[in-house]
Each structure stands twice: as C-alpha cells, then as structure tokens.
Amino acid sequence: MDGMEKQVLEYLGSAGKVLVGIGGEWKADKEPQILQAYEALARLLEDKDYFIVTTNTDAVIYDSSLDSERIVAPCGNVTWRQCSKACTKDIWEPGEIPDDLCPHCGAPLTGNTREAETYIEEGYLPQWQRYTSWLARTMNQELLVLELGEGFKVPTVIRWPFEKTVYFNRKSRMYRVHQSLSQVTEEIRERALPVPENSAEWVRKLEKLL
C-alpha cells in the first residue's frame, strides 16, 4: 500500500461524514465492471454517514447495495419516465405505463433526464433537499470528499460545489480522482489532492486494501 492509499483509508476511518461525487468515468458503457466498482464503494462506505451526488443518468448505481436514500441524481434517471412534451409534471416508474404513452396527452414517454426536450426536475428535488440538509450538517465536521470521475460536462453539479465545500470547511480533505481531469485549484490545494487515475479502478483497488 502506498502512502496516499494508506492516507485515504485513514481519513475514511476517522471522518465523521463522507461526501462522494460520481461522474462520467462510472458510466456503464465505459466500464463493463462498473457494478463491481459500486459494490467496492459500498464496502468502503459501510457504516459511514455518507451522501452521493451523481451526474450519471443510467441508474446503474441503484442496482448496487448503496443506500438509495443517500443518493441524488440531479441530471435525472433514464429509467424514470416523463411526457416528452412535458404536458404534466408527473413522473412514472419503469413499467408503470405499459404502452409508454403519456396518459394525459398521448405523447410518447421519454427518460426523465436533462437530455429530454423539457426536463421535469421535480423527480430529483425531494432527494436534493435531503442532500442539502445533510451537507449543511457537515460544516465544521471532519469531512472526507471523494470526487470520482467527474469532468466538466456539468461542473455546476459536483465539481464547483465540491470545491466550495472544501474551501469553507477547514476540517475537510478531498481526493479528486480522474484519468485526465484531476487538477485542483490553488484555493484548496492544501486540503485537496489530485489523483490521476481511472476512478472506478482506483475504488476497486482501495477496497481490496481494507
């Protein structure tokens, strides 16, 4: 075990709270063993007070043993369905509407994600409120921040807010793990470490060292 990996596990053991961001490196089409990475992450977070923010919309994370009550997907979830014409704010579970047509206007249903022509954001908002309440309780607490595989496609969801959290919480430690975009800003460099590795592989490697 190298020094950095030992340090991460030490912080993980002592941190009162763990904030995790998951980005594009964890898309199932990019990583065939992605569910294994989620299970490795679940083991690392076992018995921890954590919250996960993901910008992925493939919903694979919900197939893992991670607690869905501790996950928010503000970019949506492709398995949830909405009216493609956004005639209603209703959102349906997979298979709830067998013919996949909006019962209000007859338009085809589509995935409830930011790629929809008109994204119905109400689907994630209750969970987002739970997340922001949790985040408010991390101030002045020992906080470990793991940003895993997030680039610049939607930096306003994870990348920039996580930097702000680390900047204001002097008791935080952050690891930004990404194959090519692990750079950290000068403002948080004393408490943030760039890790230029594939984040899914890094988590699996870390879990094996437990």
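Cys87 is partly exposed, at 41% relative accessible area (that label sits between buried, under 20%, and exposed, over 50%, using a 1.4 Å probe and protein chains only). Its sulfur is 3.6 Å from the closest cysteine sulfur, in Cys105, which is too far for a bond (a disulfide here is a pair of cysteine sulfur atoms within 2.5 Å). This is a predicted model, so local features need pLDDT of at least 70 and side-chain atom pairs count only at pLDDT 80 or more, while totals for chains, interfaces and linings use all residues. Residues are numbered from 1 along each chain as its sequence is written, and side-chain values use heavy atoms, with hydrogens and water left out.

- Cys102 is in no disulfide either, and the nearest cysteine sulfur to it belongs to Cys87, 3.6 Å away.
- Cys102 counts as buried, with 3% relative accessibility.
- The disulfide count by this rule is 0.

**The overall build**
- The chain has 5 helices and 8 strands (DSSP runs numbered from the N terminus, with helices being H or I of at least four residues and strands E of at least two).
- The C-alpha trace spans about 60 × 35 × 30 Å along its principal axes.

**Inside and outside**
- Of the 210 residues in the chain, 51% are buried.
- Among contacts with a separation of 6 or more, 62% link residues 24 or more positions apart (a contact means heavy atoms within 4.5 Å).
- Carbon and sulfur atoms hold 49% of the accessible surface, which comes to about 10,300 Å² (worked out by the Shrake-Rupley method with a 1.4 Å probe; for residues, only the protein chains shown count as cover).

**Helix 2 and its cover**
- Helix 2 takes in residues 34-44, and its buried residues are Ile34, Ala37, Tyr38, Ala40, Leu41, Ala42 and Leu44.
- What covers those buried residues includes helix 1 (3-14), strand 1 (17-22), strand 2 (49-54), strand 6 (143-148) and helix 5 (199-208).

- Ser182 sits in the loop between strand 7 (172-177) and strand 8 (192-195), and it's buried at 8% relative accessible area.
- Setting aside residues up to four places away in sequence, Ser182 touches Arg176, Pro194, Val195 and Pro196.
- From Ser182 to Phe162 is 20 residues in sequence and 13 Å in space, C-alpha to C-alpha.
- Glu163 is part of helix 4 (residues 159-168) and is buried too, with a relative accessible area of 15%.
- Beyond its neighbours within four places in sequence, Glu163 is in contact with Arg176, Thr185 and Ile188.

**Two positive phi angles**
- Most residues other than glycine have a negative phi.
- Asp47 isn't a glycine, yet its phi is positive, at about 70°.
- You'll find Asp47 in the loop between helix 2 and strand 2, where it is exposed, with a relative accessible area of 77%.
- Asn140 isn't a glycine either, and has a positive phi of about 65°.
- Asn140 lies in the loop between helix 3 (125-136) and strand 6, and it is exposed at 53% relative accessible area.
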